[in-house]
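Let's take a walk through this protein model together. Keep the picture open beside you and follow along.

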Amino acid sequence: MKQHRSITVRQEQLAERSLYGAILTLRSVEECREFFRDLCTPAELQAMADRWAVVEYLQRDMPYREIHRLTGVSVTTIGRVARYVIAGNGGYATAVSRLKTRTHG
């Protein structure tokens with residue numbers, strides 16, 4: 001997270017928690033789209049969408065070079081996403097699992 005000299009670690013944590021709480025209030029893809037378009041720059045949104053697309057291809061055990069060819073995402077970024085898929089905080093796994101349940105459940 002970006003370091004702010006004038007706020008404490010606790011204030012930073014509270015701000016992050018508040019953001020996640022706001023996201024949890026959204027009830028549809030359209031509401032999420034509107035919120036994230038207000039919150040993020042187009043480049044930030046594209047970076048997040050690219051990373052999420054990479055997760056899908058990694059789940060299929062696709063080689064990094066092929067993912068790069070299909071998405072244009074750098075091999076370095078693909079490797080970073082793969083590290084978090086394997087040994088991150090579990091967020092990608094939770095989302096993938098819930099989406100699979102929703103589509104196949």
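You'll find 2 aromatic pairs here, where a pair means rings of Phe, Tyr or Trp (its six-membered ring) with centres within 6.5 Å. In one of them, Phe 35 and Phe 36 have ring centres 5.6 Å apart and planes at 90 degrees, so they sit edge-to-face (planes under 30 degrees apart are stacked, over 60 edge-to-face, the rest tilted). Phe 35 is partly exposed at 23% relative accessible area, and Phe 36 is partly exposed too, at 21% (buried is under 20%, exposed over 50%, partly exposed in between, with a 1.4 Å probe and protein chains only).

A quick word on the model: it is predicted, so local features need pLDDT of at least 70 and side-chain atom pairs 80 or more, while totals for chains, interfaces and linings use all residues. Residues are numbered from 1 along each chain as its sequence is written, and side-chain values use heavy atoms, leaving out hydrogens and water.

Now for the cysteines. How many disulfides (cysteine sulfur pairs within 2.5 Å) does the structure hold? It holds 0. The sulfur of Cys 40 is 11 Å from the closest cysteine sulfur, in Cys 32, and that is too far for a bond. Cys 40 is buried at 16%, whereas Cys 32 is partly exposed at 26%.

Last stop: the largest nonpolar core has 11 residues, among them Val 54, Leu 58 and Val 73 (such a core is a set of buried Ala, Val, Leu, Ile, Met, Phe, Trp, Tyr and Cys joined through side-chain atoms within 4.5 Å). The largest share, 4 residues, comes from α3 (helices are DSSP runs of H or I, at least four residues, and strands are runs of E, at least two, numbered from the N terminus).

Note on methods
A disulfide is a pair of cysteine sulfur atoms within 2.5 Å.
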